[in-house]
Amino acid sequence: MSTVEARIAELGLTLPDVVPPLATYQPAVRSGSYVHTAGQLPMVDGAIPVTGKVGAEVSPEQAKELAARCALNGLAAVKSVIGDLDKVVRVVKVVGFVASAPDFTGQPGVLNGASELLGEILGEKGVHARSAVGVAVLPLDAPVEVEFLVEVRD
């Protein structure tokens, strides 16, 4: 087990299987020393546990937990390309989309779920630049979607 996966286990988490694509794309693609993930939904065992808009049907706290799940799914996608998460040099950029009620403006707090989990798992290598974007709707009525760019070594 890699050091990163041991840390995931210490946190009481399990690295999930890669979420199968919902359309024509790959969950992650390597280009040179970077891996780009597709947008990761908060899938758990093939389903999204909570759907709807943040600030309406979904609380910001629930959405923050779902953002963390998106990050965990993203790490699984990265691993599927590089084979060993110990090859991660650093998370460079995280982009998160939050399906938001019209008056909800707490997107950064929701995305902290992904950012905090990446920091807990990867330490300094998990510190990244980030964008948090409010949107009208996401695939499968997901409340949140997260993608990231990771620098890796051979």
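Hi everyone, let's start with helix α1, residues 3-10, where Val4, Glu5 and Ile8 are buried. Buried here means under 20% relative accessible area, exposed means over 50%, and partly exposed is in between, with a 1.4 Å probe and protein chains only. These three cover an arc of only 95° around the axis, which puts them on the same side of α1; the arc is that of the directions from the helix axis to the C-beta atoms. On the other side of α1, Thr3 and Glu10 are exposed.

Before going on, a word on the model. This is a predicted model, where local features need pLDDT of at least 70 and side-chain atom pairs count only at pLDDT 80 or more, while totals for chains, interfaces and linings use all residues. Residues are numbered from 1 along each chain as its sequence is written, and side-chain values use heavy atoms, leaving out hydrogens and water.

What do the buried residues of α1 pack against? They pack against α2 (60-82) and α3 (107-122), where contact means heavy atoms within 4.5 Å. Just after α1, Gly12 takes a positive phi of about 80°.

Now please find Gln40, in the loop between β2 (34-37) and α2. Is Gln40 buried or exposed? Gln40 is buried, with a relative accessible area of 5%. A polar atom of its side chain lies 3.5 Å from the backbone oxygen of Pro27, and for the backbone oxygen of Ala38 the distance to a polar atom of the Gln40 side chain is 3.2 Å. Leaving aside residues up to four places away in sequence, Gln40 touches several others, including Cys70, Asn73, Ala77 and Val144.

Let's zoom out. The protein has three helices and five strands, which are DSSP runs numbered from the N terminus (helices: H or I, at least four residues; strands: E, at least two). Along the sequence, the pattern reads α-β-β-α-β-α-β-β. The radius of gyration, taken over C-alpha atoms, is 14 Å, close to the 15 Å that the globule rule gives for 154 residues, so the protein is as compact as a globular protein of that length. That rule is 2.2 Å times the number of residues to the power 0.38. Buried residues make up 44% of the 154 residues. Of the contacts with a separation of 6 or more, 83% are between residues 24 or more positions apart.

Technical notes. A polar contact is a pair of N or O atoms within 3.5 Å; within protein, one must be able to donate a hydrogen and the other to accept it, and residues adjacent in sequence count only if both atoms are side-chain atoms.
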